[in-house]
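This report describes one protein chain. Please look through the sequence and the structure before reading on.

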Amino acid sequence: MPVRPAKPVAARPVVRPVAVPDEGVGVPCPACGTPNLPERRFCRRCAAELKPLAKAAPLPWWRTVWPFRRRVRASSGGVTRFLVILLVVLTLCAGGFLLMPAGRALIEDTRDKLGKAKSVTPMSTEASASVPGHPAKNTTDGLSNRYWGAPATGASVTYTFREPFRLVDVIITNGASKDPQKYALQARALQVELEVTAEDGTTHKKELTLSDKPGGQTIATGYSDVQKVRLVLRSAVGLAPGRHLALAEVEFFQRS
């Protein structure tokens, strides 16, 4: 019986071995250590990348804080970073200054000028010496026609307050009265030593120079936590036999 012819089968290709160049000398692969020619980009054995891109160096610690943590192009945002650094430095300097005594005093003085002062009355008034009929409490009675009479210079009057306060001003009305005709009836102290005692026992002293004229004279003080105020009379004028030193009124003002 007839037989169908077989299908033709193509001959299988023969792979001829290709000579592999000897690369015994070259750049070793970072992964497997196989030497490779310098022009290769991948290892001939493991196909690892022979020239990987260099990794960026880690950021310093200060670059991890906003706004420095972003990686930017060279010279990009330099002005902004400079202004931020300058602001931080100025803030630290200002904070350090305000923590110093001079800085704290500046803040308190500013608050004194911006705030309103209100009168504060001492709890007690005591004098080292007084002439009869003219006790030291006359200096805080609100009447300028009555006065404290001190026999001589060196006499002092001490005012004690119920609670510590910020003393911003003291108004002193010197002489026997604010009335010009009665002012010079007695002697006056033109120098007064002001001694302020704080709640913690700290004392501050200040020499006050008073004008020889009737009426109140305002002295800016600026002391905190004041508990006691002592005035010592110095440098008398008009003192003669039969006359004594007169101090009509002393008013204290605190920051409201």
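## Overall picture

The chain has 256 residues, of which 30% count as buried. Buried means under 20% relative accessible area, exposed means over 50%, and partly exposed lies in between (1.4 Å probe, protein chains only). This is a predicted model, in which local features need pLDDT of at least 70 and side-chain atom pairs count only at pLDDT 80 or more, while totals for chains, interfaces and linings use all residues. Residues are numbered from 1 along each chain as its sequence is written, and side-chain values use heavy atoms, leaving out hydrogens and water.

The chain contains 3 helices and 10 strands. Their pattern along the sequence is β-β-α-α-β-β-β-β-α-β-β-β-β. Helices (H or I, at least four residues) and strands (E, at least two) are DSSP runs, numbered from the N terminus. Among contacts in the chain with a separation of 6 or more, 64% are between residues 24 or more positions apart; contact means heavy atoms within 4.5 Å.

## The nonpolar core

The largest nonpolar core has 29 residues, and those touching the most other members are Trp148, Leu167, Ile172, Val229, Leu231, Leu233 and Phe252. Two or more residues each come from strand S5 (148-150), strand S6 (156-174), strand S7 (188-198), S9 and strand S10 (245-255). S6 gives the largest share, 7 residues. Such a core is a set of buried Ala, Val, Leu, Ile, Met, Phe, Trp, Tyr and Cys residues joined through side-chain atoms within 4.5 Å.

Which residues does Val229 touch, not counting residues up to four places away in sequence? They are Val157, Thr158, Tyr159, Phe161, Leu167, Leu194, Glu195, Val196 and Phe252.

Most residues other than glycine have a negative phi. Asp225 is not a glycine, yet its phi is positive, about 55°. This residue lies in strand S9 (residues 216-237). Asp225 counts as partly exposed because its relative accessibility is 43%.

Ser235 is also placed in strand S9. Its phi is near 50°, a positive value in a residue other than glycine. With a relative accessible area of 41%, Ser235 is partly exposed.

## A residue of helix H1

Leu86 lies in helix H1 (residues 78-99). Is Leu86 buried or partly exposed? Leu86 counts as partly exposed because its relative accessibility is 37%.
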